[in-house]
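This report describes one protein structure in plain terms. Have the sequence and the 3D view open while reading.

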Amino acid sequence: MTRCAAGLDRRSVLGVTLMLVAMPTSRAGDALPPDVAAAIREQVGGAAATEGGIALRAPETAENGAFVPVTVSVHSAMAGDDRCLAIHLFATRNPTPGVASYRFGAGIARAEVSVRVRLAEGQMLLAYAEMADGSVRRAVARVAVTTGGCLT
Amino acid sequence: MTTPRIRVPSSVKAGEPFEIRTLIDHPMETGLRHQTGQTVARRMITRFEAQADGALLFTADFRNGTSANPYVAFHARLAQTTTISFLWREEDGREYRAAQQVTVS
C-alpha cells in the first residue's frame, strides 16, 4: 500500500462547516473553498439552493475512505413537471472536489442514486439536485474517515 | 481487469419500479497518486450510460471522487419488454459494454 500524501492543511474549512449546517438557504457555493464553489458553479450554475426535499445518506464514520457508500434521494414524483433531472456530488476536502453527476431520463422511477465515493480525509459531502422547474436543492453530510481514500 | 457486472431483473411488472445495480472493475486512477516516488498514470472511466431500447435512461459523469470499481444503482420502470444496455467509456475512448433484456408481464 502507498501512503496518502494529501495536503491536510491546504484548506481551512472548519468555519465553513459550521456555516453550512446553519444556513437554511444559500447561493450554490457560498462560503465554500474557492475550488469547491467553482466546481459547483460549473455543474449546477448559480441558482440559489434550498435545503429540504433531498436526503444524503452516508456513514458518520467511514472505515475505508476508498469506498464510502452514499445514497442520495430526492423527493419527486418523477412524473409530469415534478421531475428531478440531475444529482451532483461534491467533496470539500479532496484534492479535487468533483465526485460525479448523475442524470435521469424518462424511464427512471425514483430520483435516487446509490454510489461509492472516495474521500481523502474526513470532510463534508454536498449533494445538489436540479429539478425540472429550475429549482435546486442541496443536502450536506459530514463524514469522518478512518483510513483515507488515497487520491494522491 | 475491466469486467462489467450488472444486476437487472429478467422480468418485472409493467410500471413497477425495479432496481438496476452496476459495477465495473477498474482502478479509476486519478493521475494524482504517487507510488514509490512516481506518479501513477491517469486512467479513468469518465462516462457511464444506461439505455432502454436505445433511449437514454440514466447517465453518470465520473470525476476523481468516484471510487475505484465504480458502483451505481438506480431505479427504473418499464411499460414493455425492453433491452437495457450499458456503456462505460474511458477518457481515452476505450469502451466496455453489457446488456440484458427485461421481460415485462
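The largest nonpolar core of this predicted model has 56 residues, and those with the most contacts inside it are A:Leu89, A:Tyr102, B:Phe58, B:Phe74 and B:Phe86. A nonpolar core is a set of buried Ala, Val, Leu, Ile, Met, Phe, Trp, Tyr and Cys residues joined through side-chain atoms within 4.5 Å. Buried means under 20% relative accessible area, exposed means over 50%, and partly exposed lies in between (1.4 Å probe, protein chains only). In soluble globular proteins, nonpolar side chains tend to be buried together.

In this predicted model, local features need pLDDT of at least 70 and side-chain atom pairs count only at pLDDT 80 or more, while totals for chains, interfaces and linings use all residues. Residues are numbered from 1 along each chain as its sequence is written, chains are lettered from A and ligands numbered from 1 in the order in which they are written, and side-chain values use heavy atoms, with hydrogens and water left out.

What surrounds B:Phe58? Leaving aside neighbours within four places in sequence, B:Phe58 is in contact (heavy atoms within 4.5 Å) with residues of chain A including A:Tyr102, A:Arg103, A:Ile108 and A:Val113. On chain B, the contacts of B:Phe58 include B:Phe48, B:Glu49, B:Val72 and B:Phe74.

Chain A has two helices and ten strands; helices (H or I, at least four residues) and strands (E, at least two) are DSSP runs, numbered from the N terminus. Buried residues make up 54% of the 152 residues in chain A. Of the contacts in chain A with a separation of 6 or more, 66% come from residues 24 or more positions apart.

A:Met78 lies in the loop between β5 (68–74) and β6 (84–91) of chain A and is buried, at 1% relative accessible area. B:Asn69 is in the loop between β7 (55–62) and β8 of chain B and is partly exposed, at 26%.

The lining of the largest cavity includes A:Tyr102, A:Val115, B:Phe62 and B:Tyr71. Its residues divide into six nonpolar, one polar and one charged. The elements that give two or more residues to this lining are β8 (112–117) of chain A and β8 (71–76) of chain B.

The structure holds 14 salt bridges over all chains. A salt bridge is a side-chain nitrogen of Lys or Arg within 4 Å of a carboxyl oxygen of Asp or Glu. The table gives some of the pairs.

| Pair | N to O distance |
|---|---|
| B:Arg89 and B:Glu95 | 3.0 Å |
| B:Glu90 and B:Arg94 | 3.3 Å |
| B:Asp92 and B:Arg94 | 2.9 Å |

How accessible are the partners? B:Arg89 is partly exposed at 28%, and B:Glu95 is partly exposed at 36%. B:Glu90 is buried, with 2% relative accessibility, while B:Arg94 is partly exposed at 40%. B:Asp92 is exposed, at 51%. A network of salt bridges also links A:Arg103, B:Arg47, B:Glu49 and B:Asp61.

Definitions and conventions: 1 Å grid on protein atoms, 1.4 Å probe; cavity = no way out; pocket = protein on both sides within 12 Å on 5 of 7 lines; lining within 4 Å. Nonpolar A, V, L, I, M, F, W, Y, C, P; charged D, E, K, R; others polar.
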